[in-house]
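This report describes one protein model together with its ligand. Please keep the sequence and the structure in view while reading.

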Amino acid sequence: MKTFCGRANPTTGALEWLEEDENYDYHQEIARSRYADMLHDKDRNVKYYQGIRAAVSRVKERGEKAIVLDIGTGTGLLSMMAASAGADFCYAVEVFKPMANAAVKIVEKNGFHDKIKVINKHSTEVTVGPDGDMQCRANILVTELFDTELIGEGALPTYEHAHKYLVQEGCEAVPHRATVYVQLVESKRMWSWNKLFPVHVEAEDGEKIIVSPSEMEDCPGVPSVCDIQLNQMPSSDFTILSDVVTMFSVDFSKPVRSTSTSYRVQLEPVKSGKAQIVLSWWDIDMDPSGMINCTMAPYWVKSTSAFQWRDHWMQCVYFLPNEEPVLQGEKVYLTACRDEYSVWYKLQKARGEEENKAAVRVESPVCRCQAHLLWNRPRFGQLNDQNRTRQYIKSLMKVLKTDSVCLCISDGSLLPVLAHYLGAKQVQYFLMLLFFSKFFKANNLEDKIKIIEARPELLTSSHLEDKKISVLVGEPFFTTSLLPWHNLYFWYARTAVTSHLTSNVTVLPQSASLHMMIVEFQDLWRIRSPCGTCEGFDVQTMDDMIKVRRLKIVSAQVSAKQNETHLGLKKYLWLLKNLYVRQNTIVLVFKLLVLYKVTGFDPPPLPSKGKSHGAVLWMEYHLAADISVNTGLMQISNEKGNCEWNPNCKQAVYFFSSVIESETPLDLPSAVTYAINFNTKTGEIAMDFKL
Ligand code: SAH
């Protein structure tokens with residue numbers, strides 16, 4: 001089996017796919033996946049165990065043998081729970097070979113090998129019969145195939161197939177049912193991740209407004225879900241417009257249909273406002289009575305105070321195709337459409353029933369304006385961040401002259417437009433393979449901004465109409481960047497175009513710095529931490545697999561489904577409360593004006609007692625004297641670490657191989673010593689921490 005693994009190459013700005021053969025070491029993939037977080041999710045585990053015990057008892061009470069099918073067994077945990085609860089036999093199906101191998105070891109170690117058969121197949125390949133993988137159909141179906149969106153990992157087609165071919169009619173399912181809830185809100189913060197707001201530019205000859213092309217106004221965007229920790233979202237960031245309503249539910253003990261469908265509910269707004277966002281989450285009832293319930297409901301909805309932090313299931317933010325004014329008490333219809341793997345929403349005013357019904361189309365949304373393909377959600381947030389834009393405006397005003405010839409190197413950037421309004425009267429050049437020409441057209445700038453569709457090393461004087469570049473600008477931002485320092489590709493591009501620059505060229509940003517903060521996490525440590533035993537089962541085999549790779553910053557992973565680049569360890573720290581600062585420092589400074597000059601700094605001492613779980617890393621770009629754009633820590637509000645992070649950027653998180661714990665100020669190590677090296681050939685940063 002061939003596997004392709006994505007890797008950003010910061011020296012070329014390209015995303016490369018490296019082919020790995022079957023001996024490829026999957027430990028890294030496993031370490032990055034959410035298995036550890038699931039094993040640490042006490043609430044989930046306890047409730048599964050209760051649900052499984054109840055299902056086994058019900059089957060036994062009927063005088064039947066309890067035959068369990070566990071689809072997606074992972075570590076084998078749910079099958080071991082079933083076996084302990086008295087199940088007669090369990091078929092544990094796992095498609096991912098390294099996990100299936102781990103499950104075999106874990107089942108063996110816990111003494112269940114005669115009760116549990118691990119089948120390394122996709123469930124749709126499993127056969128039933130005397131010579132099949134399963135001797136007979138199961139009467140208990142146990143699965144945990146859910147993502148934040150519930151159905152994004154293919155739970156529906158898997159259930160549909162299992163009911164047709166692998167389980168008996170009337171089987172017991174754990175969980176028994178899932179219910180999806182929604183709430184309508186207005187939120188400038190969240191809406192700024194989906195639409196470009198007009199950009200105001202205070203130029204010398206008056207205020208200019210950069211507008212977006214009309215296609216963007218009602219573009220439905222992309223269907224990928226935006227999953228975030230809503231529990232960490234300050235309540236001031238959104239206004240609730242409706243009560244929480246049940247959107248749809250799925251009964252897993254009955255045949256499930258995965259074909260596209262839609263569900264509609266009537267809502268009565270509790271407040272007038274602009275409906276922009278549908279917040280959504282789900283809960284699962286482990287048994288038919290609904291007494292064993294595991295919920296993702298956010299803090300303002302949940303009645304219990306017991307709160308389980310988890311990263312593997314969060315909450316969903318869905319963007320309506322366009323914002324819709326709603327009036328308190330005036331009914332509206334909300335429609336959820338879904339296909340096999342994703343959900344999207346529409347809102348309609350309550351006019352004629354039939355008219356509304358006819359208007360609901362089930363096709364998945366497709367971005368028509370191109371912006372949603374070019375800019376991901378954090379990127380939209382960055383472009384809408386007026387404060388950030390102001391820094392670019394201030395610095396451009398400092399460096400631009402009326403006769404400046406600018407070359408902008410960045411993906412899908414507004415910098416050329418800003419430069420034009422701020423006084424560079426010459427034609428601007430914009431070099432990048434990814435651009436947004438409609439944008440320049442909408443602002444009548446086609447003849448002022450020339451897009452060069454060439455890689456920097458292929459730039460010729462004829463592209464520049466024989467002019468030399470006096471101002472080279474970049475945000476810098478490149479869509480292929482997966483880790484904060486990957487935007488240093490600007491530096492490589494700058495080197496490639498050297499021969500086209502005037503001798504006294506201004507480069508903006510003039511330098512960049514890499515910052516590091518050693519931190520104690522209240523919760524995030526769980527995603528990389530060993531768990532030893534889980535509900536009494538020894539899962540150390542799993543810990544060993546994760547530990548092997550805990551020291552590495554993970555490489556890139558591209559999720560094709562979500563159409564967005566994800567890095568397991570890249571995190572929105574502003575949505576991660578309760579992180580305690582241990583040590584805060586600049587580690588490297590990159591002089592972008594000159595070639596590859598990197599300066600390192602010594603680490604400051606660890607200040608107080610406590611734990612150190614890892615390091616957070618981010619970049620700061622120094623645009624001009626005293627003007628910079630920070631992609632990480634904006635401010636530490638108090639020493640307990642209520643930090644203010646840039647909400648539109650993800651930061652890198654590096655976990656130490658073990659937690660450093662200092663009990664008293666006396667036994668503190670004076671510092672975490674580290675070696676962080678930037679390799680100018682590869683553009684990668686190697687890190688080594690000594691604790
Ligand atoms: N049951 C474990 C692991 C859940 S993670 C636990 O609760 O802790 C889900 C697992 O299901 C992943 O390992 C994934 O590889 C596997 N999986 C998903 N769909 C599957 C399918 N249709 N057939 C077999 N394995 C599947």
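Helices and strands are runs assigned by DSSP and numbered from the N terminus, a helix having at least four residues. The model discussed here is predicted. It has 16 helices and 39 strands.

**Overall picture**

Of the 691 residues in the protein, 57% are buried. A residue counts as buried when its relative accessible area is under 20%, and as exposed when that area is over 50%. The accessible surface of the protein amounts to about 28300 Å², and carbon and sulfur atoms contribute 50% of it. Among contacts with a separation of 6 or more, 75% join residues 24 or more positions apart.

The average pLDDT of the protein is 84, and 79% of the residues score at least 70. The pLDDT is below 50 over residues 548-569, a stretch that has 66 contacts in the model beyond near neighbours in sequence. It is also below 50 over residues 664-668, where eight such contacts are found. Where pLDDT is low, the predicted coordinates should not be read in detail.

**The ligand and its surroundings**

Which residues come nearest to the ligand? Of the 18 residues around the ligand, these are Y35, R44, G72, E94 and S123. The shell consists of eight nonpolar, six polar and four charged residues.

| Protein side | Ligand atom | Distance |
|---|---|---|
| Y35, side-chain N or O atom | oxygen | 2.5 Å |
| V95, backbone N or O atom | nitrogen | 3.2 Å |
| T158, polar side-chain atom | nitrogen | 3.3 Å |

On its own the ligand has 580 Å² of accessible area, and the protein covers 90% of this.

**Buried elements and residues**

Helix α4 spans residues 77-84 and is mostly covered, with seven of its eight residues buried. The buried residues of α4 are L77, L78, S79, M80, M81, A82 and A83. After α4 comes G86, which has a positive phi near 105 degrees.

The side chain of D311 makes a polar contact of 3.2 Å with the side chain of Q229.

V473 belongs to strand β23, residues 469-473. Its relative accessibility is 2%, so V473 counts as buried. Although V473 and L407 are 66 residues apart in sequence, their C-alpha atoms are 6.2 Å apart in space. Leaving aside neighbours within four places in sequence, V473 is in contact with L396, L407, C408, I409, L415, F490 and L508.

**Backbone details**

Most residues other than glycine have a negative phi, and most peptide bonds are trans. The following places depart from this pattern. V174 and P175 are joined by a cis peptide bond with omega about 0 degrees, and P175 is in the loop between β7 (167-174) and β8 (177-186). The bond from L508 to P509 is also cis, with omega near 0 degrees; P509 is in the loop between β24 (501-508) and β25 (511-521).

N444, which is not a glycine, has a positive phi of about 55 degrees. N444 lies in the loop between α14 (437-442) and β22 (449-452), and with a relative accessible area of 60% it is exposed. D466 likewise has a positive phi, near 65 degrees. D466 lies in the loop between β22 and β23 and is exposed, at a relative accessible area of 65%.

Conventions: Residues numbered from 1 in each chain as written. Predicted model: local features only at pLDDT ≥ 70, side-chain atom pairs only at ≥ 80, totals over all residues. Heavy atoms only, no water. Near = heavy atom within 4 Å. Polar contact = N/O pair within 3.5 Å; in protein donor to acceptor, adjacent residues only side chain to side chain. Areas by Shrake-Rupley, 256 points an atom, 1.4 Å probe, with all protein chains shown as cover. Nonpolar A, V, L, I, M, F, W, Y, C, P; charged D, E, K, R; others polar. Buried < 20%, exposed > 50% of the residue type's maximum accessible area, 1.4 Å probe, protein only. Helix = DSSP H or I, 4+ residues; strand = E, 2+ residues; numbered from the N terminus. Contact = heavy atoms within 4.5 Å. pLDDT = per-residue confidence, 0-100.
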